[in-house]
Amino acid sequence: IFLIFLKTLFISHILACLWYIVGDSNHNSNSWIQAFGLGQSDCQTKYLNSLYWSLVTMLTVGYGDLTPSNDLEKIICIITMLIGFSVFGFTLGSICDIIQKMNSKTQELR
């Protein structure tokens with residue numbers, strides 16, 4: 001189960017980096033970084049917000065506090081949502097499979 005969560009965190013990291021790059025490469029006022037007031041922040045703060053956005057989007061929580069400000073960011077959001085629910089479904093299925101196997105082994109021992 002721990003490896004599944006590590007893989008999910010890695011995918012979230014990749015998507016967070018993509019979100020960060022898209023927001024930071026657009027130095028005008030039309031990016032999520034500028035809209036959220038992070039233009040003068042250090043890269044750690046921007047990355048932390050990117051990772052937060054990625055996890056919230058992938059887990060379909062969607063607080064709406066970090067939102068896309070241009071078309072490219074909207075495309076990244078769509079991709080992240082598609083990847084997110086796929087990863088979430090795979091993770092949930094894998095955890096259910098692990099629990100089922102544990103229950104089967106317990107039944108065999110009885």
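User: What should I know about the model before reading it?

Analyst: The model is predicted, so local features need pLDDT of at least 70 and side-chain atom pairs count only at pLDDT 80 or more, while totals for chains, interfaces and linings use all residues. Residues are numbered from 1 along each chain as its sequence is written, and side-chain values use heavy atoms, with hydrogens and water left out.

User: How do the axes of helix 1 and helix 4 cross?

Analyst: Two packed helices are described by the angle between their axes and the distance between the axes. Axes are lines fitted to C-alpha atoms, for helices over the stretch in contact, and angles run from 0 to 180 degrees between N-to-C directions. Helices are DSSP runs (H or I, at least four residues), numbered from the N terminus. Here the axes of helix 1 (residues 2–25) and helix 4 (residues 71–109) come within 10 Å and cross at roughly 175°. Helix 1 is therefore roughly antiparallel to helix 4 (angles over 145 degrees count as such).

User: Which residues make the contact, and of what class are they?

Analyst: Contact means heavy atoms within 4.5 Å. From helix 1 the residues include Ile4, Phe5, Leu15 and Trp19, and from helix 4 they include Leu72, Glu73, Ile76 and Val87. By class, the contact has 14 nonpolar, 5 polar and 1 charged residues. Ala, Val, Leu, Ile, Met, Phe, Trp, Tyr, Cys and Pro count as nonpolar, Asp, Glu, Lys and Arg as charged, and the others, Gly among them, as polar.

User: What span should helix 4 have, and which of its residues are buried?

Analyst: The expected span of a helix is 1.5 Å times one less than its number of residues. For the 39 residues of helix 4 that gives 57 Å, and its end C-alpha atoms are 57 Å apart, which agrees. Buried means under 20% relative accessible area (1.4 Å probe, protein chains only). The buried residues of helix 4 include Glu73, Ile76, Cys77 and Thr80, and what covers the buried residues includes helix 1, helix 2 and helix 3.

User: What is found for helix 3?

Analyst: Helix 3 (residues 43–58) has 16 residues and should span 22 Å; its end C-alpha atoms are 22 Å apart, which agrees. Its buried residues, among them Asn49, Leu51 and Trp53, pack against helix 1, helix 2 (32–35) and helix 4. Just after helix 3, Thr60 takes a positive phi of about 55°.

User: How many aromatic pairs are there?

Analyst: Rings of Phe, Tyr and Trp (its six-membered ring) pair if their centres lie within 6.5 Å, and planes under 30 degrees apart count as stacked. The count comes to 2 aromatic pairs. Trp19 and Trp32 are stacked, at 5.6 Å centre to centre with 15° between the planes. This pair links helix 1 to helix 2, 13 residues apart. Trp19 is buried at 0% relative accessibility, and Trp32 is buried at 1%. Trp19 and Trp53 have ring centres 3.9 Å apart and planes at 5°, so this pair is stacked too. It links helix 1 to helix 3, 34 residues apart. Trp19, Trp32 and Trp53 form one aromatic cluster.

User: Is Lys46 buried or exposed?

Analyst: Lys46, in helix 3, is buried, with a relative accessible area of 7%. Leaving aside neighbours within four places in sequence, Lys46 is in contact with residues including Tyr20, Asp24, Trp32 and Ile33.

Note on methods: Helix = DSSP H or I, 4+ residues; strand = E, 2+ residues; numbered from the N terminus. Parallel < 35°, antiparallel > 145°, perpendicular 65-115°, else oblique. Buried < 20%, exposed > 50% of the residue type's maximum accessible area, 1.4 Å probe, protein only. Phe/Tyr/Trp six-rings, centres within 6.5 Å; stacked < 30°, edge-to-face > 60°.
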